[in-house]
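Visitor: I am new to this structure. Please take me through its aromatic rings, one close look at a time.

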Amino acid sequence: MSADMTKKGSCNCGKISFEVRGALGTPDACHCSQCRKQSGHYWVSTDIEIANVTIKGERHLNWYAASPKVRRGFCKICGSFLFWHPNGRSSIAIAMGAFDMPTNIKLAHHIFVREKGDYYDIADGLPQEE
C-alpha cells in the first residue's frame, strides 16, 4: 500500500495517535446537541472500518457511553474528542480535526441540522439532513 493511502492523526497532547489504512470516507458535519456539547461546536468526522484503524496509546483513551446506542472516545489527558462508535458496528467515526494534514478530502454534507446552534448559519451550499 502506498504511503498516501495511510493517514495519521492524534489527540492534542499526542498521548493517543492513530493510523488509518486506505482512503478516508467523505466526512459529514453533525449538528446534533450531543456533538455540539461534546466538541464545543458541530463535529466533523469520517467513518472508517475498525479493521483499518490502529490506535496507539489506548491506555489514555476513555470511552463515554453517550447513549445506550453509542460511545465516544476521548483522551484522558487533554480531553480531545476523537472517536464516535455505535455499539456493534464494524465502523468508527474519527474526528477530521484530529488528522494530520493534508487529508485531501472535503466535507460532503450536514446532518441533524434541525438541532444546530442558533449562533451560526450553514451557508456552504452542501446538502443538509434534518
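Guide: Start with the term itself. Rings of Phe, Tyr and Trp (its six-membered ring) pair if their centres lie within 6.5 Å; planes under 30 degrees apart count as stacked, over 60 as edge-to-face and the rest as tilted. F18, W63, F83 and F99 form one such aromatic cluster.

A word on the source. This is a predicted model, where local features need pLDDT of at least 70, side-chain atom pairs count only at pLDDT 80 or more, and totals for chains, interfaces and linings use all residues. Residues are numbered from 1 along each chain as its sequence is written, and side-chain values use heavy atoms, with hydrogens and water left out.

Searching the whole structure gives six aromatic pairs. Take F18 and F83. Their ring centres are 5.9 Å apart and their planes meet at 70°, so this pair is edge-to-face. It links distant parts of the chain: F18 is in strand β2 (residues 17-21), F83 is in strand β8 (residues 81-86), and 65 residues separate them. Strands here (E, at least two residues) and helices (H or I, at least four) are DSSP runs, numbered from the N terminus. F18 and F83 are both buried. Buried means under 20% relative accessible area, exposed over 50%, and partly exposed in between (1.4 Å probe, protein chains only).

Now the strand around F18. In β1, G9 stands opposite F18 of β2. β1 and β2 pair in the antiparallel sense over five bridges; strands pair if DSSP finds at least two bridges between them. Three strands form an open, antiparallel sheet in the order β1-β2-β5. β1 (6-10) and β5 are at the edges with a single partner strand each, so one side of each has no neighbour in the sheet.

R71 lies over the face of W63, 3.7 Å from the ring centre. A charge counts as over a ring if NZ of Lys or CZ of Arg is within 6 Å of the ring centre and within 35 degrees of the ring normal. K116 lies over the face of Y120 too, at 4.5 Å from the ring centre.

Y120 has a ring partner. Y42 and Y120 form a tilted pair, 5.6 Å centre to centre with 45° between the planes. Y42 lies in the loop between α1 (33-39) and β4 (43-49), and Y120 in the segment after β10 (109-111), so the pair ties together parts 78 residues apart in sequence. Y42 is partly exposed, at 27% relative accessible area. Y120 is buried, at 11%.
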